Amino acid sequence: MASPQGLKAPLEFGGPLGAAALMLLLPATALHLLLAARSGPARLLGPPAHLPGLSELWNPRVLLLLLTWLGLQAALYLLPARKVAEGLELKDKSRLRYPINGFQALMLTALLVGLGISAGLPLGALSEVLLPLAFVATLTTFIFSFLLYMKAQVAPASGLAPGGNSGNLIYDFFMGRELNPRIGFFDFKYFCELRPGLIGWVLINLALLLQETELRGSPSLAMWLVNGFQLLYVGDALWYEEAVLTTMDITHDGFGFMLAFGDLVWVPFTYSLQAQFLLYHPQPLGLPRALLICFINAVGYYIFRGANSQKNTFRQNPSDPSIAGLETIPTATGKRLLVSGWWGMVRHPNYLGDLIMALAWSLPCGVSHLLPYFYFFYFAALLVHREARDELQCLQKYGRAWHEYCQRVPYRIVPYIY
Ligand SMILES: NC(=O)C1=CN([C@@H]2O[C@H](COP(=O)(O)OP(=O)(O)OC[C@H]3O[C@@H](n4cnc5c(N)ncnc54)[C@H](OP(=O)(O)O)[C@@H]3O)[C@@H](O)[C@H]2O)C=CC1
Ligand SMILES: CC(C)CCC[C@@H](C)[C@H]1CC=C2C3=C(CC[C@@]21C)[C@@]1(C)CC[C@H](O)C[C@@H]1CC3
């Protein structure tokens, strides 16, 4: 299949071979982590205690539960929004409109779940079906990605993403051909990025906390910390939902298997790994250590939120008083680059804050097992890779101005280290 002219981009993720390998490795890794978390040894490296049979993986009722969840979140997405924001200008000079009602969806979901629990909903039982749920979610993601691929066949060339139109079927299926696949006002990529996966993540965490209460009479302090930290993170993402409209996932990447699997399987089932581990491996946590971990998470969040808000404010209103004193670099595009404040410390201060929080999410699980630190290691690798991708895009966008920025701000994520 010929790729539309001018849309060729360098192959990433190891090209077609890497994409094929990742489409096998990622689901296998997610299932391995789920099995390891509930096994006695909880080994991150090495074979799982036992390989599940199809009867443990496939459950039609769990598929119905997943589809009901997706349907609920889709319905909440379509409710009237407090605000409708415009995305960045597209190739055809148009700008798409997006509902800003993610935090509203989180609140309504919390209300529905609270009413359900008070009416006897056994939410804790969700922790017992995470394996079949992840399996049916993976199957659903493959089917969904196929439908997205077929939909891209009839999309206009201007609606295709630079990276997912190499002409290689496997690579384009993985990367995603269409930039903003929609049916009417419903934007599939925007919806999946922030709704079913992120809200599903904290719902799974809550189910694990309730199951621990069922098993041990009350949630452990460690489980409270992990639930609280990650609810803050998801609540923040949905409160500042509009910021996602300028991320590379929305502005640059096609919507294919990688992002669909990342949103619908990887986030809810591997980001809840610490809570899963704690349910099956209770960890003692004294108040002094808990307070220290809370301080670490607070530092991470302060940097994460401060840096993201500073950059987003600068982009939306460069003359905002809160950023008035910051030094900037002019670029040929007319946009300017911050070179002081958080963005003068390192080139991705938001990643630094996010990584510090990732560490704080693992620390309540103690140091007896490596498994709870999987997210920290994976996330460090993801952000290093993401930073490299962003650097390339910024170099293409800003050329010499970006070189000047790199000379003045030499470190990428960690001051004086990387
Ligand atoms: N938990 C998770 O799994 C993940 C979390 N994240 C988090 O999401 C957040 C967003 O990250 P990400 O999507 O990578 O994008 P960023 O928020 O880091 O934005 C990168 C863009 O910001 C602009 N920019 C960079 N430097 C400057 C500067 N000095 N002055 C002004 N603008 C600048 C450029 O875009 P332009 O100039 O065009 O505006 C660049 O492309 C981060 O906090 C990250 O930690 C991200 C991925 C996964
Ligand atoms: C499994 C693959 C190898 C990688 C999949 C990566 C995805 C899980 C992430 C890509 C970018 C993401 C963003 C977020 C969640 C994870 C994914 C989808 C946030 C929504 C997390 C909260 C932040 O406040 C904003 C992030 C935007 C990018």
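Colleague: How many aromatic pairs does the count come to?

Modeller: This is a predicted model, and by the ring-centre rule the count comes to 36 aromatic pairs.

Colleague: Take Tyr-77 and Phe-191. What makes that pair edge-to-face?

Modeller: Two values settle it. Rings pair if their centres lie within 6.5 Å, and planes over 60 degrees apart count as edge-to-face. The centres of Tyr-77 and Phe-191 are 5.5 Å apart and the planes stand at 80°, so the pair is edge-to-face.

Colleague: And why do you say that this pair ties together parts that are apart in sequence?

Modeller: Tyr-77 sits in helix α3 (residues 60-77) and Phe-191 in helix α7, so the pair links parts 114 residues apart in sequence. Both residues are buried too.

Colleague: Why is the pair of Phe-374 and Tyr-378 called stacked?

Modeller: Stacked needs planes under 30 degrees apart, with centres within 6.5 Å. Phe-374 and Tyr-378 come in at 5° between the planes and 6.1 Å centre to centre, so they are stacked. They both lie in helix α16, four residues apart, about one turn of the helix. Phe-374 and Tyr-378 are both buried.

Colleague: How do you know how much of ligand 1 the protein covers?

Modeller: On its own, ligand 1 has 910 Å² of accessible area, and the protein covers 88% of that.

Colleague: Which element gives the largest share of the shell around ligand 1?

Modeller: That's α16, with eight residues. The whole shell has 25 residues, with Tyr-271, Tyr-351, Asp-354, Asp-390 and Tyr-398 the closest. By class, they split into 14 nonpolar, four polar and seven charged.

Colleague: What surrounds ligand 2?

Modeller: There are 16 residues around ligand 2, and the closest are Glu-193, Ala-237, Asp-249, Asp-263 and Arg-386. Ligand 2 alone exposes 610 Å², of which the protein buries 85%. Helix α11 gives the most to this shell, four residues.

Colleague: Which domains does the shell around ligand 2 draw on?

Modeller: At least three residues come from each of domain 1 (16-44 + 54-89 + 96-282) and domain 2 (283-417). The shell around ligand 1 likewise draws at least three from each of domain 1 and domain 2.

Terms used. Residues are numbered from 1 along each chain as its sequence is written. Chains are lettered from A and ligands numbered from 1 in the order in which they are written. This is a predicted model: local features need pLDDT of at least 70, side-chain atom pairs count only at pLDDT 80 or more; totals for chains, interfaces and linings use all residues. Side-chain values use heavy atoms; hydrogens and water are left out. A residue is near a molecule or strand if one of its heavy atoms lies within 4 Å of it. Accessible areas come from the Shrake-Rupley method with a 1.4 Å probe; for residues, only the protein chains shown count as cover. Helices (H or I, at least four residues) and strands (E, at least two) are DSSP runs, numbered from the N terminus. Domain bounds come from an automatic or database domain assignment. Ala, Val, Leu, Ile, Met, Phe, Trp, Tyr, Cys and Pro count as nonpolar, Asp, Glu, Lys and Arg as charged, and the others, Gly among them, as polar. Rings of Phe, Tyr and Trp (its six-membered ring) pair if their centres lie within 6.5 Å; planes under 30 degrees apart count as stacked, over 60 as edge-to-face and the rest as tilted. Buried means under 20% relative accessible area, exposed over 50%, partly exposed in between (1.4 Å probe, protein chains only).
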